[in-house]
Amino acid sequence: NASSVAGLLEIMRMLSEKELELDYGIDFISFCLEEPPFFKTKEMGSYVHANSIADNGKEYLGMIALEMIGYYREEKMGDRAPSFYRNRLIVSGIRRYDAFNLKIAELLREEGKLDSRRLSFADDYRNNGPSDHRNYWSFGIPAVMVIGSGGQGNPHYHTPTDTIETLDFHVMTHAVNSIAHALFHYKN
């Protein structure tokens with residue numbers, strides 16, 4: 001997920017330049033082994049990490065997994081209301097941690113450049129957590145996936161056409177700024 005790794009690196013740069021005094025620490029981590037055959041196994045990089053911090057005595061406010069934050073498109077596809085197709089960030093989590101999900105969605109909107117939409121699925125929903133955030137729930141750590149909205153998804157996902165030319169750097173800049181705002185202004 002190159003757009004999210006690029007976003008992560010940019011947020012790290014922003015934080016180091018701002019020299020903010022936060023009431024909490026932020027760990028920036030990228031994971032390997034998210035895709036099959038490792039997905040939903042204890043071999044996923046995020047599972048290994050979540051397991052390693054589960055009993056270290058520290059309190060974790062939550063985890064935010066960035067996914068495909070660089071692809072956007074607004075054209076209407078189908079019969080849904082036009083607002084459904086606006087460029088936005090989707091915050092996806094489970095109901096058990098809905099307060100965290102809502103707080104992240106609100107902080108993303110607060111920056112003012114990009115809308116966000118919160119999806120909190122039933123804790124036992126079969127297709128819950130299609131990303132690295134899923135592994136933190138079983139260790140009692142709130143976690144969400146923040147993913148860019150490309151209408152009804154990215155048609156280039158996992159194909160040879162998933163190239164840098166398909167990214168919208170203008171909207172991606174707003175996404176990175178919104179995510180940085182959420183990280184830097186989180187109040188417990």
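A polar contact is taken here as a pair of N or O atoms within 3.5 Å; within protein, one atom must be able to donate a hydrogen and the other to accept it, and residues adjacent in sequence count only if both atoms are side-chain atoms. In the predicted model described here, local features need pLDDT of at least 70 and side-chain atom pairs count only at pLDDT 80 or more, whereas totals for chains, interfaces and linings use all residues. Residues are numbered from 1 along each chain as its sequence is written, and side-chain values use heavy atoms, with hydrogens and water left out.

The protein chain contains 5 helices and 4 strands, arranged along the sequence as α-α-β-β-α-β-α-β-α. Helices (H or I, at least four residues) and strands (E, at least two) are DSSP runs, numbered from the N terminus. The mean pLDDT of the protein chain is 87, and 89% of the residues score at least 70; pLDDT is the predictor's confidence in each residue, from 0 to 100. Of the 188 residues in the protein chain, 41% are buried, where buried means under 20% relative accessible area, exposed over 50%, and partly exposed in between (1.4 Å probe, protein chains only).

The strands form an open sheet of 4 with the order S1-S4-S2-S3 and mixed pairing. Strands S1 (63-67) and S3 (115-121) lie at the edges with a single partner strand each, so one side of each has no neighbour in the sheet. From one strand to the next, the twist averages 20 degrees. Two strands are said to pair if DSSP finds at least two bridges between them. Strand S2 (residues 88-94) pairs with S3 in the parallel sense over 7 bridges. Within S3, Ser116 is the bridge partner of Leu89, and Phe121 stands opposite Ile94.

In a regular strand the side chains alternate between the two faces of the sheet. Both faces of S2 are covered, with Arg88, Ile90, Ser92 and Ile94 buried on one side and Leu89, Val91 and Gly93 buried on the other.

Helix H5 (residues 169-184) lies across S1, S2 and S4, at about 45 degrees to S2. Axes are lines fitted to C-alpha atoms, for helices over the stretch in contact, and angles run from 0 to 180 degrees between N-to-C directions.

Of the 16 residues of H5, 12 are buried, so this helix is largely enclosed by the rest of the structure. The buried residues include Val171, Met172, His174 and Phe184. The buried residues of H5 pack against helix H1 (2-18), S1, S2, H3 and S4. At the start of H5, a side-chain oxygen of Asp168 comes to within 3.1 Å of the backbone nitrogen of His170.

The loop between S4 and H5 contains Thr166, which is buried with a relative accessible area of 17%. The side chain of Thr166 reaches the backbone oxygen of Thr163 at 2.7 Å. Apart from its neighbours within four places in sequence, Thr166 is in contact (heavy atoms within 4.5 Å) with Gly70, Tyr71, His156 and Thr161. Across the protein chain, residues 24 or more positions apart account for 78% of the contacts with a separation of 6 or more.
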